[in-house]
Amino acid sequence: YRRDLAGLVDHSLAELGGRIGQRVRAAGLVVAVRVVSRRNIVFLTLEDETASLEVTLSDGVYTQCREAVVKNAPVVVAGAVETDRYTGGCKLVAEGAWSPAQARGQFANGLELRLDVGRMCASTVDRLGALLDASRGGECAVRFTICNGQAEAPLRTEQGWRVFVNDALLHDLRALDGVQVANVRYATCLPRAADGINGGGK
């Protein structure tokens, strides 16, 4: 998931110390989960390649996203960065948590495809069309860029071309000869908690 998370999260964990008071998306590996029943709160310890971070979830948030919070698995969290008065560092007060696949469904708003037409035969083009057609009906607008080694240009498509993006589709697209890039674009703004940021169910 590293390639997709690079576009999904706003900052590495080490950078969050400079974002006190801001709402962000972040991701890391869940290395510890601690439930404090008397306070109705759950503490997660996340790690990425830069740092570790404590994340707090209220009992209500944790109930909604429990399936996404799995020890030794990656998770995407969204919420406010606050000063940790015990360590002097920072912590994240989460408003939602998602597995990478769930986060893609929650925040993705576009699929970028860069196609080298010089390497694509007719059967590859047919396969590409079949993959996208089978995934139509989602929220991700497909954006094509066509190149031939010397120049490139956007390819205009019908306005209604939108797809559901999942792991299987990305894997199959990236396996096609001539598909140089198959990346997901994500919404940059975070909805407020009242708008349904508490995820985990998708």
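These legends describe close-up views of a predicted model.

Because the model is predicted, local features need pLDDT of at least 70 and side-chain atom pairs count only at pLDDT 80 or more, while totals for chains, interfaces and linings use all residues. Residues are numbered from 1 along each chain as its sequence is written, and side-chain values use heavy atoms, with hydrogens and water left out.

**Figure 1. Overview of the protein, with five helices and ten strands.** Helices (H or I, at least four residues) and strands (E, at least two) are DSSP runs, numbered from the N terminus. The protein has 202 residues, and 42% of them count as buried. Buried means under 20% relative accessible area, exposed means over 50%, and partly exposed lies in between (1.4 Å probe, protein chains only). The accessible surface is about 11000 Å². Carbon and sulfur atoms hold 47% of that surface. Areas come from the Shrake-Rupley method with a 1.4 Å probe; for residues, only the protein chains shown count as cover. Contact means heavy atoms within 4.5 Å. Among contacts between residues at least 6 apart in sequence, 65% join residues at least 24 apart.

**Figure 2. Helix 5, its buried leucines and its cap.** Helix 5 spans residues 167-174. Leu169, Leu170 and Leu173 are buried here. They sit on the same side of helix 5, because they cover an arc of only 95° around the axis. The arc is that of the directions from the helix axis to the C-beta atoms. An α-helix has 3.6 residues a turn, so residues three or four places apart point the same way. Asn166 caps the N-terminal end of the helix. A side-chain oxygen of Asn166 lies 3.2 Å from the backbone nitrogen of Ala168.

**Figure 3. The aromatic pair of Trp98 and Phe107, with Arg25 over a ring.** Rings of Phe, Tyr and Trp (its six-membered ring) pair if their centres lie within 6.5 Å. Planes under 30 degrees apart count as stacked, over 60 as edge-to-face and the rest as tilted. The count by this rule is one aromatic pair. Trp98 and Phe107 form that pair, and the geometry is edge-to-face. The centres are 5.1 Å apart, with 80° between the planes. Both residues are buried. Arg25 lies over the face of Phe107, 4.4 Å from the ring centre. A charge sits over a ring if NZ of Lys or CZ of Arg is within 6 Å of the ring centre and within 35 degrees of the ring normal.

**Figure 4. Gln102 in helix 3.** Helix 3 covers residues 100-107. Gln102 counts as buried because its relative accessibility is 12%. Its side chain reaches the backbone nitrogen of Ser99 at 3.0 Å. A polar contact is a pair of N or O atoms within 3.5 Å. Within protein, one atom must be able to donate a hydrogen and the other to accept it, and residues adjacent in sequence count only if both atoms are side-chain atoms.

**Figure 5. His11 in the loop between helix 1 and strand 1.** Helix 1 is 2-8 and strand 1 is 23-36. His11 is at 17% relative accessibility, so the residue counts as buried. The side chains of His11 and Arg19 make a polar contact of 3.1 Å. Not counting residues up to four places away in sequence, His11 touches Leu16, Arg19, Val24, Arg25 and Ala26.

**Figure 6. Asn148 in the loop between strand 7 and strand 8.** Asn148 counts as partly exposed, at 45% relative accessibility. Polar atoms of the Asn148 side chain are placed 3.0 Å from the backbone nitrogen of Gln150 and 3.0 Å from that of Ala151. Neighbours within four places in sequence aside, Asn148 is in contact with Asp116 and Val117. Val117 is 31 residues away along the chain, yet the C-alpha atoms are separated by 5.8 Å.

**Figure 7. Arg185 in strand 10.** Strand 10 runs over residues 179-186. Arg185 is partly exposed, at 39% relative accessibility. A polar contact of 3.3 Å joins its side chain to that of Glu112. Leaving aside neighbours within four places in sequence, the contacts of Arg185 include Phe107, Asn109 and Arg143. Gly7 is 178 residues from Arg185 in sequence, with 6.7 Å between the C-alpha atoms.
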